[in-house]
Amino acid sequence: MSAATGVADCDDGTMTPMEPSAPRTDLMRARHDFFDRGAEPTGLRSAILRSWRRCAERGFDAHSDPRIEPVGSTALRELHERNERLIRLCRPQIETLAREARDVGGLVILTDGAGLVLDALGDAEFAGKAAGVALKPGVKWAEASTGTNAIGAALVERRAVEVRGAEHFFDAHRILTCAAAPIFDPRGAMVGALDISGASAAPHRPAVAMIRLGVDQIEHRMFDDGFAGCEVVRLHADPALLGTPQEGVLVFDGARLVAANRHGLSLLKLDWNALGARSFGDLFDAGRIAGEGRILSRSGAALHLRRDPPAPAARPAIVPKPSAPEPIFDAATRSNLVRAARLVDGDVPILIQGETGSGKEMFARAVHGLSARSQKPFVAVNCAALPEGLIEAELFGYEHGAFTGARRAGSKGLLREADGGVLFLDEIGDMPLLLQARLLRVVQDREVTPLGGGKPAPIDIRLICATHRDLAGLVGSETFRPDLYFRLAQFTFALPPLRTLANRRDVIQALWRGLPRDGRTLGADALDAMAAYDWPGNHRELAGVLKAMIALSEPGETLSADLLPSPVMRNARMSEAPPIENGGGLEAFAREAMLATIEACHGNVAAAARKLGVSRSTLYRRALGGRG
């Protein structure tokens, strides 16, 4: 919604007025008519009525509790890893909106494109109440899972939606008032949703306007990188809005329009189908403008335009030779890199197995860099991250009109993008069975037929697959095709988890040396604590902790253990703290009090020392039995 005009944007860039919510008495009458009498309600907003109808068609009972199935901790961690860039881009807006939400007892929520909650921040008391209705990370708030709600409706309607109180489908959710808007990436993919939720009894606030402005800023930030070699054009009818999140942004690869934001499409009266199908000359009457100027669009709009010079195309990454491989790999893995590269050169598919965060994609990229195809494309596809309904189109491509919403120019598909190079299929164990059959055909015939028909296109690819799952076990349970398994797993490399490495301290120091440190050094106590930790998230978790320590410290500082997160600190205390003699005496009581304070400070020893009024070294000595 625009704060100035009070309208909400649609997927095609047009603007439609936001309908006011019905008064409470009318809303309760509408619920009674629809849910109890089976009659058509009156006075209900059209978006809410459409959502109610969809939920009723799914057989939902508004008077029962919704079926909530939160994902497990491992799946939640993988969900965060798949959406790391989205979470990072959204975090400034989440924190800004959370300050507003805390003032009114609300919560700011980020979901992925399927409605799975990734992050929630705001009022702690309301967060506890929201958890009672499963409004928390790891729970899916898609309309098909939890009925009418702002997140689910925004993802279906593809625009900002507010759902107040009894407008929710399920009775249990009537305590909530929510406003959400979808987040689109520069190529038109719906990658998530941003939501503000609060108590339905709270005073009404312009939540949709706040969310819309936040999403504008997130989508605007998505153009900061990823378009090397392309020309970025910024435009608006008001020159004062150039450079703001409200400006239109268009990206051209040569003359072809390849990316845009919703403001840019709206200014030119276009929708997402224009991407890949329109050129600069199709959109503007005049030729290219150097720098800044005024230009007339083909739709008749007079616009102020500013061009960003094309960023230089990225040079192919130089992967270290076998004598100097990536330092976090152990000696056996470094040896396997060379063997794997020779297999890829010999057109033998390889399978990489390893826990989440153990470096499967990094291993695959290193193999590509050591192979004869190092200067050819490396295309990585995460089979678990792509929605099941889109993975076939993303992999195999499609012709114009292949399905509703298909771009007019069609899509080449990732398999053909990898032609001449290496295709890396991560989490291959999560590929649906029907697609496994199509992939097997591609591996056998070396040609791709796009969705919607068209001639088969020959491809020349080398295949590397990876999974954290037991593929042989999946074959036994008939969830993975045995013929595809034996095609892909002709040679398997297992990456060891970090906890099994005897030289864990060397790995930590090697990874530390590869980070921008600005003169910071790693303290002995911090290194000891990290070397004693099991790292269930493996190298990815370790890298995240090291980066966090750098962010929390100053240049030139020696980083001590009090900067480590509480799980690492707790492990260090359990493994290193000596037994306390005279456990029933005053010293034991004091130690327990100190440990409780450290726990309350989330493992921050410096904060706990300040709270207790003792020095940090005293706290280390008396509570942790360690070095000060």
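**Close-up views of a predicted model**

Figure 1. Strand β14 pairs with strand β15 (residues 422-426) in the parallel sense, over five bridges. Within this pairing, N382 is placed opposite D426 in β15.

**Figure 2. Aromatic rings around F35.** The structure contains 16 aromatic pairs. One of them joins F34 and F35: the ring centres lie 5.1 Å apart and the planes stand at 90 degrees, over the 60 degrees required, so the pair is edge-to-face. Both residues are buried, F34 with a relative accessible area of 14% and F35 with 18%. F35 also forms an edge-to-face pair with F169, at 5.0 Å centre to centre and with 90 degrees between the planes. This second pair links distant parts of the chain, since F35 belongs to helix α1 (residues 24-36) and F169 to the loop between β5 (161-164) and β6 (176-184), 134 residues apart. F169 has a relative accessibility of 1% and counts as buried. One aromatic cluster takes in F34, F35, W52, F60, F169 and F170.

**Figure 3. Salt bridge between E81 and R540.** The count of salt bridges in the structure comes to 33. In one of these, the side chains of E81 and R540 meet at 3.0 Å, N to O. E81 is located in helix α3 (residues 73-82) and R540 in helix α20 (residues 538-551), so that distant parts of the chain, 459 residues apart, are linked. Both side chains belong to partly exposed residues: E81 has a relative accessible area of 22%, and R540 has a relative accessibility of 44%.

**Figure 4. Salt bridge between R499 and E355.** The side chains of R499 and E355 meet in a salt bridge of 2.5 Å, N to O. R499 lies in the loop between β19 (491-494) and α18 (504-513), and E355 in the loop between β13 (350-353) and α12 (360-370); the pair therefore ties together parts 144 residues apart in sequence. R499 counts as partly exposed at 35% relative accessibility, as does E355 at 27%.

Figure 5. D534 and R504 form a salt bridge in which the closest N and O atoms are 4.0 Å apart. D534 is found in the loop between α19 (524-531) and α20, whereas R504 is in helix α18; the pair links these distant parts of the chain, 30 residues apart. D534 counts as partly exposed, at 42% relative accessibility, whereas R504 is buried, with a relative accessible area of 13%.

Conventions
Residues are numbered from 1 along each chain as its sequence is written. This is a predicted model: local features need pLDDT of at least 70, side-chain atom pairs count only at pLDDT 80 or more; totals for chains, interfaces and linings use all residues. Side-chain values use heavy atoms; hydrogens and water are left out. Rings of Phe, Tyr and Trp (its six-membered ring) pair if their centres lie within 6.5 Å; planes under 30 degrees apart count as stacked, over 60 as edge-to-face and the rest as tilted. Buried means under 20% relative accessible area, exposed over 50%, partly exposed in between (1.4 Å probe, protein chains only). Helices (H or I, at least four residues) and strands (E, at least two) are DSSP runs, numbered from the N terminus. Two strands pair if DSSP finds at least two bridges between them.
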